[in-house]
Amino acid sequence: MPMLTRRVVLMATAALAVGLSAAYAQGLPPLEKKDTYKVGFAQTESNNPWRIAQTESMKAEAEKLGYQLVYTDAAGSAAKQVADVNSMIAQGVDIIFLAPREEKPLIPAVMAAKKAGIPVILLDRNVDQSLAKAGEDYVTFIGSDFIDEGKRIAEFLMKEKPEGAKIIQLEGTTGSSPANDRKKGFDDTIASNPAFQVVASQSGDFARDKGRQVAEALLQAHPDADVIYAHNDEMAMGAIAALEAAGKTPGKDVMVLSIDGGKEAVQAVVDGKIAAVVECNPRFGPKAFETMQRYVNGETIEPWVKNIDAFYDKSNAAEEVANAY
């Protein structure tokens, strides 16, 4: 090897070593460069279009890259999801993508992977930051700004109904970061104006039928409510069914607001049944594997890799419905 070429190779190797040492300085497990990888993806559930779209995106990107994807579905159980991660550890995966069902119960899974020398990247939901930290216990969190999603919905509501409103809030899964943050972003924003009152707030567990049942009960208890804010599309569609069963017209008698941005919900905006939807982009595959590659390359990964989310209302829903998942 010529002297100049050798020097270039040595410099490149040294630079990579510096990058690796920076990335792993906090004790994160390394991930060596290989032609292919065995990748774990621990999904929380597959009972709605958002989750299905996320899973399809992850599978498609893994196939495109020629990686083996070990996929599990926790079926809405935090305990099963912990067991799923432990199974992936036993199978010797190179890295784990984890969509944690709840913030606290999945901490043992994150820590078990770290102890086993397997890096973890969190997708779409975070874990309790007082118990596990990005850059130390797991690589990063890839996802949307849930607080901002709730804030954007609240700002839309306050602009559209400046006189105020009586609001029923259908919360997501108790203890999950989207439910916690979408509630906080919304509640904190409307707190500036006492004319906006949340008359009831209860979990519908991000599920359509549970959302319908909760909406039915809360509408009976609060017949004067004129807004339903749902933490996701599934519960929003359940709320629409509850309103129609009660003889009320969604979009006229009661304003419905949602987050997620699935095709059905965006079409409901076109149809006038939902006033506005903040997108929560489920297509994680490209961003997830791109972030993994950055980690392989020894780059220092930011603790939060943010997804950019669209906003749908009557001004753009008709043009955008075809692009929704």
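This is a predicted model: local features need pLDDT of at least 70, side-chain atom pairs count only at pLDDT 80 or more; totals for chains, interfaces and linings use all residues.
L122 stands opposite F141 in strand β5. Strands of a sheet pair through backbone hydrogen bonds, and they can do so either parallel or antiparallel.

Zooming out, β4 and β5 belong to an open sheet of 6 strands, ordered β2-β1-β3-β4-β5-β11, with parallel pairing. At the edges sit β2 (68-73) and β11, each of which pairs on one side only. From one strand to the next, the twist averages 20 degrees. Helix α2 packs on this sheet and touches β1 (38-43), β2, β3 (95-98) and β4, with its direction at about 180 degrees to that of β1. Helix α3 lies across β1, β2 and β3, and runs at about 175 degrees to β1.

Helix α3 (residues 78-91) also meets another helix: its axis and that of α4 (residues 107-115) come within 9 Å and cross at roughly 10 degrees. An angle under 35 degrees counts as roughly parallel, so α3 is roughly parallel to α4. On the α3 side the contact is made by V82, V85, N86 and I89, and on the α4 side by A109, A112 and A113. Sorted by type, the residues of this contact come out as 6 nonpolar, 1 polar and no charged.

Now for the other sheet. This one is also open and has 6 strands, in the order β7-β6-β8-β9-β10-β12, but its pairing is mixed. Its edge strands are β7 (196-203) and β12 (311-312), each pairing on one side only. Strands β6 and β7 run parallel and are joined by 7 bridges; in β7, the bridge partner of Q169 is S201. Strand β6 is mostly covered, with 6 of its 7 residues buried. Further along, β9 (residues 255-260) and β10 (residues 276-279) run parallel too, joined by 4 bridges, and I259 has V278 as its bridge partner in β10. Helix α8 (residues 233-245) lies across β6 (165-171), β8 (227-230), β9 and β10, running at about 160 degrees to β9.

Next come the aromatic rings. A pair of them is described by the distance of the centres and the angle of the planes. The structure holds 9 such pairs. In one of them, W50 and F284 have ring centres 6.0 Å apart and planes at 70 degrees, so the pair is edge-to-face. Distant parts of the chain are linked here: W50 is in helix α2 (residues 49-65), while F284 is in the loop between β10 and α10 (285-296), 234 residues apart. W50 is buried, with a relative accessible area of 6%, and F284 is buried as well, at 1%.

The rings of F141 and W304 make another pair, with centres 6.1 Å apart and planes at 45 degrees, so this one is tilted. F141 lies in strand β5 (residues 140-143) and W304 in strand β11 (residues 304-306), so the pair ties together parts 163 residues apart in sequence. F141, the residue opposite L122, is buried at 3% relative accessible area, whereas W304 counts as partly exposed at 32%. Elsewhere, ring pairs link Y37, Y67, F97 and F289 into a cluster.

Terms used
Residues are numbered from 1 along each chain as its sequence is written. Side-chain values use heavy atoms; hydrogens and water are left out. Two strands pair if DSSP finds at least two bridges between them. Helices (H or I, at least four residues) and strands (E, at least two) are DSSP runs, numbered from the N terminus. Contact means heavy atoms within 4.5 Å. Axes are lines fitted to C-alpha atoms, for helices over the stretch in contact, and angles run from 0 to 180 degrees between N-to-C directions. Angles under 35 degrees count as roughly parallel, over 145 as roughly antiparallel, 65 to 115 as roughly perpendicular and the rest as oblique. Ala, Val, Leu, Ile, Met, Phe, Trp, Tyr, Cys and Pro count as nonpolar, Asp, Glu, Lys and Arg as charged, and the others, Gly among them, as polar. Rings of Phe, Tyr and Trp (its six-membered ring) pair if their centres lie within 6.5 Å; planes under 30 degrees apart count as stacked, over 60 as edge-to-face and the rest as tilted. Buried means under 20% relative accessible area, exposed over 50%, partly exposed in between (1.4 Å probe, protein chains only).
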